[in-house]
Amino acid sequence: MGSASRAVSCLCCPCKCLACGLFSCLCSILVSLAVTLGILVLILYLIFKPHMIAATVDSASLAQFNLSTTSTLTYDLNVTMTVRNPNTRVGLYYDDVQSLAYYKDQRFGYTTLDAFYQGTQASTKLSPEFHGNQLLQGDVTAAEFRQEQSAGNFAVNVDLNAKLRVKVWAFKVRGPKAKISCQLSVPAPGAANASPFQPTNCKVWF
């Protein structure tokens, strides 16, 4: 009875049966493509074994870091950092490289760096510098500034943003955007009780 009903249905509405057949065929093709793509991605992963890039701030110093009564921050911050590509089969191009400095989640410094290329297992030294004046918002920031100044060290964040391109053999493809975030404890200028700067590992996101 079921076969007879389907046959009658198809005779009554052949377009419906054709649509069902096309839909079934399309689903089969999509499933096959998804499985093939998954297998290809797995094979490429096993071949290249990609690793997250690594970054360390080697040194950071403040020649000037003063907050006026009008909450204007005058700053002179110098940072030296190392960015490493740990991959053995993948080269990386860093484009549109930007470095930003924050104090209490408020950006006070910005600078651009030259684009660069990293071969496999290569390291690159970067030296972003921040100089200028920036108005900070909030009384809490001023109170925290005075507290950290008395303690001898300032909590400063330095970020590095870049657009990546990936080189595999002779092929270059667009990669993700990379964000490197470094939480630093930098000695206050002229503070006798300041703790010396310690090399700091940074967090990396894509």
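Q: How many residues in the lining of the largest cavity are nonpolar, polar or charged?
A: The lining has 6 nonpolar residues, 1 polar and no charged. Nonpolar covers Ala, Val, Leu, Ile, Met, Phe, Trp, Tyr, Cys and Pro; charged covers Asp, Glu, Lys and Arg; the others, Gly among them, are polar. This is a predicted model, where local features need pLDDT of at least 70, side-chain atom pairs count only at pLDDT 80 or more, and totals for chains, interfaces and linings use all residues. Residues are numbered from 1 along each chain as its sequence is written, and side-chain values use heavy atoms, without hydrogens or water.

Q: Which residues line the largest cavity?
A: I53, Y94, L160, N161, A162, A178 and I180. A cavity is a set of points on a 1 Å grid over the protein atoms alone where a 1.4 Å probe fits but cannot get out, and lining residues have an atom within 4 Å of a point.

Q: Which elements give two or more residues to that lining?
A: β8 and β9 do, and β8 has the largest share, 3 residues. Strands are DSSP runs of E with at least two residues, helices are runs of H or I with at least four, and both are numbered from the N terminus.

Q: How much space is in the largest cavity?
A: About 30 Å³, counted as the space filled by probe spheres set on the points, which are joined across faces, edges and corners.

Q: New topic: which residues touch the most other members of the largest nonpolar core?
A: V57, F65, L77, Y94, F108, V156 and I180, out of 44 residues in that core. β8 (153-168) is one of the elements that supply at least two residues, and β8 gives the most, with 8. Such a core is a set of buried Ala, Val, Leu, Ile, Met, Phe, Trp, Tyr and Cys residues joined through side-chain atoms within 4.5 Å.

Q: What does F108 touch?
A: Leaving out residues up to four places away in sequence, F108 touches F65, L73, Y75, L77, A101, Y102, Y103, Q134 and V156. Contact here is heavy atoms within 4.5 Å.

Q: Which residues does the disulfide join?
A: C182 and C202, with S to S 2.1 Å; the cut-off for the sulfur pair is within 2.5 Å. C182 sits in strand β9, while C202 is in the loop between β10 (200-201) and β11 (203-205), 20 residues apart.

Q: Is the disulfide right-handed or left-handed?
A: The torsion about the S-S bond of C182 and C202 is about 105°, so the disulfide is right-handed.

Q: And is C202 buried or exposed?
A: C202 is buried, at a relative accessible area of 12%. C182 is also buried, at 0%. Buried is under 20% relative accessible area, exposed is over 50%, and partly exposed is in between, using a 1.4 Å probe and protein chains only.

Key: On a 1 Å grid over the protein atoms alone, a cavity is a set of points where a 1.4 Å probe fits but cannot get out, and a pocket is an open set with protein on both sides within 12 Å along at least five of seven lines; lining residues have an atom within 4 Å of a point.
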